[in-house]
Amino acid sequence: MTITEKDKKYIAGTYNRFPVEIVEGKGSVVRDSSGKEYIDMGSGIGVTSFGIGDDVWKKAVTDQLDRVQHMSNLYYTGPCADLAEKLCERTGMKKVFFSNSGAESNECAIKAARKYAAEKKGSDYSTIITLKNSFHGRTLTTLAATGQEHYHELYNPLTPGFVHVTAGDMHELEIAIRDNKTAGFMIECIQGEGGVIPVDREYVKAARELCAGNDIVFMVDEVQTGNGRTGRLYAYMNYDITPDVISTAKGLSGGLPLGATLLGEKVENVFGYGDHGSTFGGNPIACAAANSILSRIDEKLLDGVRKKEELIRKTLADKPGIEDVSGMGLMIGIKTVKPAADVVKACMEKGVLCLTAKDRVRLLPALNIPEDVLQRALSILLRCCE
Ligand SMILES: *Cc1c(COP(=O)(O)O)cnc(C)c1O
């Protein structure tokens, strides 16, 4: 059996994969089982922050692999402590809980908000408000948080206590807070799966203030937008706010499963012994990898991300077949005249791997993609859009 045949026979049918078997790669170029090369403009959905098989990243991983690959959370290990210190120092948050995925990092955020509110205001203060068109994960609770009905169908009943409001509508948020005993508010500053749509700056700031005034835990879901993706370490840093909780995953560890929930002053002591846990969370190899990634996301790298955004915007501006470009940094959504799925298919045939998000072509290349490789991918993309 080929890889494809075996996959189709034995793997649950949740993924409608493209007919490509990826076998190896380096940096922003990957190769399939027939030897064909592709420029990777998706980086595993914003995961491989420094590309495939990056040498610095590999050394961090193999050095830790030679020491210890896993211990239970019953013992102290260095990499997770170092990583928590780095994350707190660079965000002003106070404590970190480590898990293994974006959904889990959001689960922890939601638990923190509910426990904080239960202790402070009473256990009936459990409502979590999120935005319509949001995406927060696939577990039953993060699905409930996700403000897109089509993900909910056939999985009901989901975790109760979630209310979805329209992004940009402060009045609706005020009413939701008035009508529901609210524990927390969770927001993606740029809705990723929802179509790479930045949420209005003034709305984010006003919502943040409203939450502060009502002692509601303000949580940013930085699973996709985090770790340098938008040209700042975290996307909220573009919005001139300080959240109470930051959840992140995808690009944090550069290609190993790791989620992190950063707890600010309001909720720093909300969890005590036994209140939450994870067997794999804080795994030494994933954390060593993340330490390496984070130490390389410095001002120079972030400046490069912002410059590459400019390059993308300039290259795509006023070109035939392109209607609009949205997003920030190297998280880009492109509204094309042709259906996005057709453009992505054509790009793949011509050796460029892109993603979609709703009706847009989505680009999430490695943060260190060389400019000439990026240029080559963009000119192929442009040809496929005409
Ligand atoms: C991908 C994503 C998630 C879910 O992350 P998983 O690692 O797949 O659980 C949650 N929130 C946002 C904003 C995401 O983009």
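How many cavities of 30 Å³ or more does the structure hold? The structure holds one. This is a predicted model.

**Ligand site**

- The shell around the ligand includes Ser-101, Gly-102, Ala-103 and Asn-106. Phe-135, His-136 and Gly-137 are also among the surrounding residues.
- Sorted by class, the shell has six polar, three charged and three nonpolar residues.
- Ala-103 places a backbone N or O atom 2.8 Å from an oxygen atom of the ligand.
- In the side chain of Gln-224, an N or O atom is 2.7 Å from an oxygen atom of the ligand.
- For Lys-250, a side-chain N or O atom lies 2.7 Å from an oxygen atom of the ligand.
- How much of the ligand does the protein bury? The ligand taken alone exposes 380 Å², and the protein buries 81% of that.

**Cavity**

- Rolling a probe the size of a water molecule over the atoms shows where empty space is left.
- The largest cavity has a volume of about 40 Å³.
- By class, the cavity lining has six polar residues, two nonpolar and one charged.

**Second largest pocket**

- The volume of the second largest pocket is about 990 Å³.
- This pocket is lined by 33 residues. Closest to its centre are Asn-73, Cys-80, Val-96, Phe-97 and Phe-98.
- Which elements give two or more residues to the lining of this pocket? They are helix H4 (78–91) and strand S4 (95–99).
- The lining of the second largest pocket divides into 16 nonpolar, 13 polar and four charged residues.

**Strand pairing**

- Strands S1 (residues 22–26) and S2 (residues 29–32) run antiparallel and are joined by four bridges. Gly-25 stands opposite Val-30 in S2.
- S1 and S2 form a hairpin with two residues between them. In the turn, Gly-27 has a positive phi of about 65°.
- S2 also pairs with S3 (residues 37–40) through three bridges, again antiparallel. Arg-31 has Glu-37 in S3 as its bridge partner.
- The hairpin of S2 and S3 has four residues between the strands. There, Gly-35 takes a positive phi near 95°.
- Does S3 run parallel or antiparallel to S15 (residues 352–353)? S3 and S15 run parallel, joined by two bridges. Asp-40 stands opposite Leu-353 in S15.
- In a regular strand the side chains alternate between the two faces of the sheet.

**Backbone details**

- Most residues other than glycine have a negative phi, and most peptide bonds are trans.
- Ser-43 is not a glycine, yet has a positive phi of about 40°. Ser-43 lies in helix H2, residues 43–46.
- The peptide bond from Asn-156 to Pro-157 is cis, with omega near 0°.
- Where is Pro-157 found? Pro-157 sits in the loop between helix H6 (140–145) and strand S6 (162–165).

Methods: Residues numbered from 1 in each chain as written. Predicted model: local features only at pLDDT ≥ 70, side-chain atom pairs only at ≥ 80, totals over all residues. Heavy atoms only, no water. Near = heavy atom within 4 Å. Polar contact = N/O pair within 3.5 Å; in protein donor to acceptor, adjacent residues only side chain to side chain. Areas by Shrake-Rupley, 256 points an atom, 1.4 Å probe, with all protein chains shown as cover. Nonpolar A, V, L, I, M, F, W, Y, C, P; charged D, E, K, R; others polar. 1 Å grid on protein atoms, 1.4 Å probe; cavity = no way out; pocket = protein on both sides within 12 Å on 5 of 7 lines; lining within 4 Å. Points joined across faces, edges and corners; volume = space filled by probe spheres on them. Pairing = 2+ DSSP bridges.
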